Amino acid sequence: MFSRLVCTVGRLAPATGRVGLWRPLSTCQPRFTNDTPQPVSTSGRTGLAGFLESKTGVTGAGTLGVGMAAYLISKEIYIINNETVVVVVVGGVIYYLLKKMGPPITQYIDERNQKIQDRFYGFHNAQIKEVEDAIVDQQRLDGNLEVRHDIFSVLRENNAMQLEEEYRRRWHEVITEVTRRLDYQLEVQKVQKAFQHSHVVQWLEKAVIDNIKGQEDASISRCIADLKKLAVA
Amino acid sequence: MSAGGRKAGQLVVDWARMAGRISEEGRARFSQLRGRYEACKTSLNSYPEKPQPINWDHYRQNIAIPGLVESFQKQYGGLSVPHPKDTTSASIDKREREVEVIVQETLAKSKEKMKEWQEELAALKAQKPFEDMTIQEYLEDKPELKKLGDEMTRKQEWGVLKE
């Protein structure tokens, strides 16, 4: 926009005598315009300095200082003399010392402060932690008391198991006794039968032997004669 | 005697969870309890659950005495084994009631203690930060420390802490 303004000023220029000076050299945007951006203040000043900065911008304070100094010196309200040198030198030394020695001293004092604070707060926080731990522990112990239900159910279960075992043992005993008696009957029968069997066999043997007792020699001689007859044949 | 006594062997015990809740001193007795439980269980399982039926036919065929097997079978059929009397349930219940009373007392006491501790904690947390406190303010509710401080001052022990 301003480039066009420059061009129109150039056309009006002949009235002031500078004819060819403001002819536009190019149709691009010129490098230097009046539309420079204002400097943005990032210092974040508050109070009186902030008020000054909001009204006069970033350079306002500097302008005020330099302007005031120039006014004082030029109007000879403040006269430069030998004391001025002293003021400047002492001011410079003070400034230099603060700049150089300030931070280490601040740091040292802050460290000492921090140590003292840590000692106090360490104790305090340890106290708090102790009480909190005690509370947590007590809650845990209260929770542990719930185990009594489980313990009593185990005891009742033990009792029930013992009763059940006794019941089963009784049944087992009954069955054992009954089967024992029945088996005894079986065994008695078996023994009787075996005895009878062996008795009959013995009796039979005895009867047969008695039957042939008198005729032993006759039967043996007859057997020998038969054998001789067979041997011959 | 409750019918729950009949149903043995149906309890599922979470031993791990129980062990997590037993204190150090009770561990020996807890393992005793567990041992008793396991012993009862094994001896219970050594008997079969249902009584074995007797093979009457086999005996009837082989025993010559007439009527013996029938009379045995009749008597056996009419037999009913009584369940053993439950003598310890009552004592277990009594013990449980006693324990419940003790537990309630303990819980009440611990609640009181917890309340005290909560108050203490609140007081500690509500304390002014040390930067804003003077020594006198700090010693306001600590008479023993105040006395100790005064004693040390009187005896001129300044108690400078070594860094």
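Chain B and chain A bury about 6,200 Å² between them, and 68% of that lies on carbon and sulfur atoms. Buried area here is the accessible area (1.4 Å probe) that two parts lose on being put together, summed over both. The size of an interface is often given in this way, as the accessible area lost when the parts come together.

A word on the source. This is a predicted model, in which local features need pLDDT of at least 70 and side-chain atom pairs count only at pLDDT 80 or more, while totals for chains, interfaces and linings use all residues. Residues are numbered from 1 along each chain as its sequence is written, chains are lettered from A and ligands numbered from 1 in the order in which they are written, and side-chain values use heavy atoms, leaving out hydrogens and water.

Now the contacts. On chain B, 72 residues are in contact with 55 residues of chain A; contact means heavy atoms within 4.5 Å. Five salt bridges join chain B and chain A. A salt bridge is a side-chain nitrogen of Lys or Arg within 4 Å of a carboxyl oxygen of Asp or Glu. One of them pairs Arg156(A) with Asp93(B), at 2.5 Å from N to O.

Which parts of chain B touch chain A? Helices 1 (15-21), 2 (27-45), 3 (56-62), 4 (68-77) and 5 (89-125) of chain B each give two or more residues. Helices (H or I, at least four residues) and strands (E, at least two) are DSSP runs, numbered from the N terminus. Helix 5 of chain B gives the most, with 20 residues.

Over all chains, the count is 25 salt bridges. Glu96(B) also pairs with Arg156(A), the closest N and O atoms being 2.5 Å apart. This pair crosses between chains, from helix 5 of chain B to helix 5 (residues 147-211) of chain A. Glu96(B) is partly exposed, at 21% relative accessible area. Arg156(A) is partly exposed too, at 31%. Buried means under 20% relative accessible area, exposed over 50%, partly exposed in between (1.4 Å probe, protein chains only).

Other pairs stay within chain A. Arg168(A) and Glu164(A) form a salt bridge at 3.4 Å, N to O. They are four residues apart in helix 5 of chain A, so about one helical turn separates them. Arg168(A) is buried, at 12%, and Glu164(A) is buried, at 16%.
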